[in-house]
There are 2 protein chains.
Amino acid sequence: MTKRQELPNTEDILPSLSPISSLLTEEQKKELQTNIVIKRYKKNEMMYKEGDVPQFLHCLISGKVKIYKEGVGGRNQIVHIFKPVEFFGFRAYLANENYITSAAAFESTTLCIIPVALFEKWLSENLQLANYVIRLCAIEIGILNRHIVSLTQKHLRGRIAESLLFLKDTYGLEDDEQTISARFSRADLADLSNMTTSNAIRTLSAFSNEKILDVRGRVIRILDEEQLRKISKIG
Amino acid sequence: MTKRQELPNTEDILPSLSPISSLLTEEQKKELQTNIVIKRYKKNEMMYKEGDVPQFLHCLISGKVKIYKEGVGGRNQIVHIFKPVEFFGFRAYLANENYITSAAAFESTTLCIIPVALFEKWLSENLQLANYVIRLCAIEIGILNRHIVSLTQKHLRGRIAESLLFLKDTYGLEDDEQTISARFSRADLADLSNMTTSNAIRTLSAFSNEKILDVRGRVIRILDEEQLRKISKIG
DNA sequence: GCAAAAACGTGCTGCAAAACATAAAAATCG
DNA sequence: CGATTTTTATGTTTTGCAGCACGTTTTTGC
């Protein structure tokens with residue numbers, strides 16, 4: 001027996017894919033079983049990169065994944081963060097483009113991949129699945145529209161406040177009902193909030209001084225959510 | 001005979017709806033014919049407003065329509081511009097939300113509306129239509145992702161340059177192969193490019209001085225597209 | 001065709017945020 | 001465990017952009 005990290009068994013993974021697989025026909029479920037591959041990524045490892053040809057539908061089993069775009073001065077903008085169990089990496093293929101964003105793991109991450117052409121085939125023969133995907137896309141477009149206004153018009157404090165609330169809503173809180181269940185570097189928080197690392201650091205310190213947050217390295221406790229929401233709202 | 005502007009006949013309109021109607025079944029085409037209504041909007045008139053309950057799928061027959069979102073200081077951000085024949089106004093309904101953007105006419109505009117619940121029914125029974133809509137959404141998400149980075153990271157000059165190129169690509173050029181086939185106020189150009197009206201004016205003048213553009217009121221001729229693309233790219 | 005209103009152009013001022021610089025603290029690794 | 005690298009923290013400088021004021025030009029509506 002080697003010391004190498006064991007990959008979970010394909011059979012064990014299937015139940016956790018219910019968001020998609022429950023919509024598949026029996027035929028399609030079989031195709032899923034025979035074509036699914038499980039992959040593991042370490043911290044900061046990339047699944048794909050801007051410009052790559054999209055080949056797989058990715059399904060996040062465990063860990064955290066960021067979708068981001070390289071900006072003008074090498075600065076990144078995170079456009080989406082995924083949590084288990086969500087799937088991604090299919091948009092560019094359906095739009096007939098190469099990837100225009102990159103995907104990377106925030107932390108040790110397990111996901112499974114399925115040839116995206118197969119997914120497209122399923123869409124073309126399964127009304128329920130197609131309508132589910134339409135719903136996902138419609139929601140995503142709404143999020144992006146809101147995001148555009150937030151990122152461009154809110155000030156530093158408003159943007160960071162919004163990001164922290166987003167992380168809280170996405171990953172939830174720990175048992176103390178205050179600590180965000182996620183550890184992000186200041187650089188990642190900056191990439192999420194359209195600012196430089198220095199400004200993310202500075203603004204977090206300010207919130208800490210104002211007793212809105214309790215910041216200990218990457219562990220962030222929200223002390224005054226009321227106030228944080230207000231700051232996020234007014235910008 | 002009154003002097004009132006005549007609405008085009010429903011029958012005359014149907015052929016121009018081919019992008020959608022060609023995907024419909026015979027049954028659905030009949031439903032379309034009996035449920036379609038033609039409406040006319042004058043300049044700056046609104047079709048719907050943020051917060052409204054979505055009720056209709058809108059199909060732009062002639063004119064120009066902007067989709068925009070009110071920002072923090074009453075400032076607007078245009079998130080999409082439609083040209084004939086494109087359809088809009090269904091996203092919020094499919095995402096089960098109220099409208100989060102508003103729609104208004106840039107100029108005299110004709111469009112037809114169909115109850116959006118009917119459109120949803122069509123989606124749930126027509127694979128081809130569903131897959132067409134998925135493709136539209138996938139493309140839209142890509143545009144928005146790119147837009148987020150442009151609006152947040154490019155400078156004034158880069159943002160205006162990008163908007164002008166976008167207008168050129170959307171509405172084309174007039175016979176001289178230089179004049180953009182669209183007249184927009186500085187305020188609209190500003191709302192499109194995430195800046196104040198003053199800055200839109202200032203930057204256009206600068207481009208005019210640099211012989212990149214020839215600006216006469218709302219008539220804009222692109223003299224040096226090469227240069228404009230460079231400015232748009234580097235930000 | 002004229003008056004009123006809207007849109008456009010330009011200069012100036014102040015502030016917010018980016019860039020730069022540097023030091024302290026923490027994480028990583030042989 | 002100590003040495004090197006990365007991350008975090010903070011102070012300073014510079015830049016970019018919004019806001020305002022004011023004058024001019026162009027549209028719009030009667």
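Q: Which residues of helix H5 of chain B are buried?
A: In this predicted model, helix H5 of chain B covers residues 116–125, and its buried residues are Phe119(B), Trp122(B) and Leu123(B).

Q: Where do they sit around the axis?
A: They are on the same side of H5(B), because they cover an arc of only 100 degrees around the axis.

Q: What do the buried residues of H5(B) pack against?
A: In chain B they pack against helix H3 (26–35), strand E3 (56–62), strand E8 (109–115) and helix H6 (127–153). From chain A, helix H6 (127–153) is also a packing partner.

Q: OK, the sheet next. What is the strand order in chain B?
A: The order is E1-E8-E3-E6, in an open sheet of 4 strands with antiparallel pairing.

Q: Which strands stand at the edges?
A: Strand E1 (37–41) and strand E6 (87–88) of chain B do. Each has a single partner strand, so one side of each is left without a neighbour in the sheet.

Q: And how many bridges join E3(B) to E8(B)?
A: There are 6 bridges between these antiparallel strands. Leu60(B) stands opposite Leu111(B), which is in E8(B).

Q: Back to the helix: which strands does H5(B) touch?
A: H5(B) packs on the sheet and touches E3 and E8 of chain B. The direction of H5(B) makes about 65 degrees with that of E8(B).

Q: Now the two chains. How many residues of each are in contact?
A: 39 residues of chain A are in contact with 39 residues of chain B.

Q: Which element of chain A gives the largest share of that side?
A: H6(A) does, with 21 residues. The side of chain A that touches chain B divides into 19 nonpolar, 12 polar and 8 charged residues.

Q: Last topic, DNA strand C. Which residues come nearest?
A: There are 19 residues around DNA strand C, and the nearest are His155(A), Leu156(A), Ser185(B), Arg186(B) and Ser205(B).

Q: Which elements give two or more residues to that surface?
A: Helix H9 (197–209) of chain A, and helix H8 (186–193) and helix H9 (197–209) of chain B. H9(B) gives the most, with 5 residues.

Q: And how do the residues near DNA strand C divide?
A: Into 6 nonpolar, 10 polar and 3 charged.

How values were computed. Residues numbered from 1 in each chain as written. Chains lettered and ligands numbered in written order. Predicted model: local features only at pLDDT ≥ 70, side-chain atom pairs only at ≥ 80, totals over all residues. Buried ≥ 20, exposed ≤ 12 C-beta atoms within 10 Å, placed from the backbone. Arc of directions from axis to C-beta. Contact = placed C-beta atoms within 7 Å. Near = placed C-beta within 6 Å. Nonpolar A, V, L, I, M, F, W, Y, C, P; charged D, E, K, R; others polar. Pairing = 2+ DSSP bridges. Axes fitted to C-alpha atoms, helices over the stretch in contact; angles between N-to-C directions.
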